Amino acid sequence: MAEGDPAPDAGGAAPKPPPPGALSTWFNPSTAPFIPVPLIGTDPNSGTTLGILPVWIKTDDNHEIRRIIAPDILHNPYFGWGVDGRLYAYSSVDKQWSVDAGIKQRVERTIDAEYQIGRLRDQRWSLNYSLIYDRSGVPRFFGIGNRSRKSNETNYTNSQKLAQVQVGLNLNHDWQLLYTGRLRQVDVTPGTLSGIPSLETVFGDIPGVGTTNMVLNRLSLIYDTRDDLTVPNHGMQWIAYGGAATRSGILNDSMYSEAGFDGRNFWPVAPRTVLAAHLTVRYLPSTSDRVPFWALSSVGGGESQTGGDQPLRGYGEGRFYDRNSFSAGAELRRTVLSLDAVSTRVDIEMAPFLDLGRVFSRTSTLPFEQLHHVVGVGFRGIARPFVVGKVDVGYGSEGVAIFTGLNYPF
């Protein structure tokens with residue numbers, strides 16, 4: 001041992017950890033003040049968005065997330081540079097709120113605010129309020145029907161303002177009667193993407209082009225036994241709903257009526273492994289001659305919305321439109337790794353999946369025929385009890401599609 005070298009510790013004790021605030025703590029996921037997440041957003045419609053997303057996470061004494069602050073700076077090949085700001089507050093499992101706002105150099109703007117209380121259905125009433133302004137330049141339209149051709153791809157700009165309230169009467173912990181009231185204004189204008197024809201140049205002045213005001217009233221009966229609302233391991237959620245949309249809120253100005261079913265089941269089939277299945281059908285029994293194309297039933301994209309778009313993860317959002325739709329899917333969610341990050345526990349999950357779906361015009365049509373099918377695998381990062389980040393890669397008849405975002409697809 002050279003003269004002046006420190007003597008080794010006789011007990012073999014580990015070296016002292018760096019003092020609080022030392023630079024090395026910024027590079028340790030378990031002690032860093034924030035997580036510098038590379039932002040890689042992609043789907044068939046939006047192209048590939050790249051950026052950096054620093055995520056600040058506040059946890060409680062039980063290491064459960066109570067607040068997330070997540071700004072970003074990004075670049076999209078269609079719309080240039082942009083910034084977003086996100087704030088998610090989890091006061092409790094029963095009450096949450098969030099605000100998300102963003103702007104890009106060209107075309108796109110968004111503001112999305114939501115407040116929820118009574119999520120656990122332990123009290124008599126549950127409430128959910130939503131306000132959205134969104135201007136998107138990436139929507140596609142290929143025509144109406146289950147066999148609409150890829151070669152008919154067109155683009156349009158969609159600007160929407162939406163205000164929604166949901167009031168749930170909790171009959172008991174499992175059964176809920178839910179009213180949804182939605183005011184929505186949608187303005188469909190010419191597309192801006194180079195190399196893709198604008199909608200009106202191919203399909204003309206179809207219903208839904210221009211400005212449309214819509215009032216939706218929907219009543220749902222819900223049976224829900226899931227053990228967790230965000231990351232369920234067992235249980236089921238079944239929703240039967242019916243509703244009507246008008247142009248001005250007056251019943252004699254009807255746009256369409258709707259009826260449907262949405263079911264999700266979860267079975268723990270092995271340690272750290274859950275089989276999740278989803279089935280939904282939506283019918284529009286009566287429609288006016290001027291029902292907007294974007295209000296029809298549709299399949300395509302990466303997420304399920306009750307009474308709205310349904311997932312088909314090998315195709316872009318809204319790939320197939322018609323009056324009625326059927327969608328089914330299953331995925332095997334297996335936790336393959338767990339790690340500590342910013343005072344909370346993160347589980348890494350892999351999930352091979354299968355999606356099936358179609359649209360059709362007649363209520364007499366069997367929904368199980370002429371199905372589009374997609375196979376793929378999902379990768380998820382889960383910070384219980386509130387956060388699920390996902391990357392889903394699907395393969396269908398039109399090639400590979402990749403979807404990123406928050407929350408499970410169903």
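Visitor: Which residues touch the most other members in the largest nonpolar core?
Guide: This is a predicted model. Its largest nonpolar core has 18 residues, and F141, Y156, Y256, F293 and W294 are the ones that touch the most other members.
Visitor: Which elements give two or more residues to this core?
Guide: Those are β11 (175–190), β12 (210–224) and β14 (254–270).
Visitor: What does F141 touch, leaving out residues up to four places away in sequence?
Guide: F141 touches N152, E153, T154, Y156, L199, F203, I206, F293 and Y321. Y156 and F293 are also on the list of core residues that touch the most other members.
Visitor: Which residues does the second core include?
Guide: The second core is separate and has 15 residues, including I68, L74, A383 and V387.
Visitor: Changing topic: is R380 buried or exposed?
Guide: R380 counts as buried, because its relative accessibility is 2% and the cut-off for buried is under 20%. R380 is part of strand β20, which covers residues 372–383.
Visitor: Which side chain does R380 join in a polar contact?
Guide: The side chain of D392, at 3.2 Å.
Visitor: And R67, where is that found?
Guide: R67 lies in strand β3, residues 65–69. With a relative accessible area of 39%, R67 is partly exposed.
Visitor: What does R67 touch, again without residues up to four places away in sequence?
Guide: R67 touches W56, I57, K58, L87, Y88, A89, Y90 and W97.
Visitor: How many Å separate the C-alpha atoms of R67 and Y395?
Guide: They are separated by 36 Å, and the two residues are 328 residues apart along the chain.

Methods:
Residues numbered from 1 in each chain as written. Predicted model: local features only at pLDDT ≥ 70, side-chain atom pairs only at ≥ 80, totals over all residues. Heavy atoms only, no water. Core = buried A, V, L, I, M, F, W, Y, C linked by side-chain atoms within 4.5 Å. Buried < 20%, exposed > 50% of the residue type's maximum accessible area, 1.4 Å probe, protein only. Helix = DSSP H or I, 4+ residues; strand = E, 2+ residues; numbered from the N terminus. Contact = heavy atoms within 4.5 Å. Polar contact = N/O pair within 3.5 Å; in protein donor to acceptor, adjacent residues only side chain to side chain.
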